[in-house]
Amino acid sequence: MPIAWQMLALRHQSRELPDAPAHTVLSDERLEVLAAIARSPLPAKPTVRDVFFAIAALGGHLKKNGPPGWITLRKGFDDLLFAERVWRARGREDVESRGRSGG
């Protein structure tokens with residue numbers, strides 16, 4: 001349910017306020033992860049529209065085909081959430097290894 005709400009909010013914002021800053025729909029960490037895995041580079045200051053289409057592209061959407069459907073958006077969001085979990089796990093691993101090495 002929380003993921004469905006996030007997807008609905010993202011789609012709604014992409015239609016109503018497409019030029020709003022991306023941080024209105026995604027956390028800074030999630031934006032950082034998306035920038036790292038996006039199929040095309042995100043602008044330095046991404047908009048809601050930018051992240052909407054970047055997430056849809058992760059799910060296989062081609063921008064020339066019009067707006068993405070729910071299944072495509074969900075696939076992209078799943079990829080983003082998985083990458084975020086890996087990102088966090090990697091961060092913990094880096095912190096733990098620095099602690100063991102004394103650095």
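Analyst: Start with the neighbours of V25. Leaving aside residues within four places in sequence, V25 is in contact with L10, Q13, V48 and V51. Contact here means heavy atoms within 4.5 Å. This is a predicted model, so local features need pLDDT of at least 70 and side-chain atom pairs count only at pLDDT 80 or more, while totals for chains, interfaces and linings use all residues. Residues are numbered from 1 along each chain as its sequence is written, and side-chain values use heavy atoms, with hydrogens and water left out.

V25 sits in the loop between α1 and α2. Helices (H or I, at least four residues) and strands (E, at least two) are DSSP runs, numbered from the N terminus. V25 is partly exposed, because its relative accessible area is 23%. The cut-offs are under 20% for buried, over 50% for exposed, and partly exposed in between, with a 1.4 Å probe and protein chains only. V25 and T47 are 22 residues apart in sequence, yet their C-alpha atoms are 9.4 Å apart in space.

Q13 is one of the residues that V25 contacts. Q13 belongs to helix α1. Its relative accessibility is 19%, so Q13 counts as buried. Beyond four places in sequence, Q13 touches P18, T24, V25 and V48.

Now look at L26. L26 lies in the loop between α1 and α2. With a relative accessible area of 4%, L26 is buried. Outside the four places on either side in sequence, L26 touches L31, L34, V51 and I55. L26 and L10 are 16 residues apart in sequence and 8.6 Å apart in space, C-alpha to C-alpha.

The buried residues of α2 (residues 28-37) are R30, L31, V33 and L34. They cover an arc of only 160 degrees around the axis, so they lie on the same side of α2. The arc is taken from the directions from the helix axis to the C-beta atoms.

Next comes the core. In soluble globular proteins, nonpolar side chains tend to be buried together. The largest nonpolar core here has 22 residues, and L10, L34, V51, I55 and L73 touch the most other members. Such a core is a set of buried Ala, Val, Leu, Ile, Met, Phe, Trp, Tyr and Cys residues joined through side-chain atoms within 4.5 Å. The elements that give two or more residues to this core are α1 (2-16), α2, α3 and α4. α3 supplies the largest share, seven residues. As for L73, it touches M7, L10, F52, I55 and A56, not counting residues up to four places away in sequence.

α3 is mostly covered, with eight of its eleven residues buried. Those eight are V48, V51, F52, A54, I55, A56, A57 and L58. F52 counts as buried because its relative accessibility is 5%.

What aromatic pairing does the structure hold? A search of the whole structure finds one aromatic pair. F52 and F53 form this pair, edge-to-face, at 5.3 Å centre to centre and 75 degrees between the planes. Rings of Phe, Tyr and Trp (its six-membered ring) pair if their centres lie within 6.5 Å; planes under 30 degrees apart are stacked, over 60 edge-to-face, and the rest tilted. K63 lies over the face of F53, 4.9 Å from the ring centre. That label needs NZ of Lys or CZ of Arg within 6 Å of the ring centre and within 35 degrees of the ring normal.

Past the end of α3, the backbone and a histidine deserve attention. Just after α3, G60 takes a positive phi of about 105 degrees. H61 is placed in the loop between α3 (48-58) and α4 (70-101). H61 counts as buried because its relative accessibility is 11%. Leaving out residues up to four places away in sequence, H61 touches F53, A56, G66, P67, P68 and T72. The H61 side chain also reaches the backbone oxygen of G66 at 2.6 Å.

Finally, the whole chain. The protein chain has four helices and zero strands. Of its 103 residues, 33% count as buried. Among contacts with a separation of 6 or more, 59% join residues 24 or more positions apart.

How values were computed: Polar contact = N/O pair within 3.5 Å; in protein donor to acceptor, adjacent residues only side chain to side chain.
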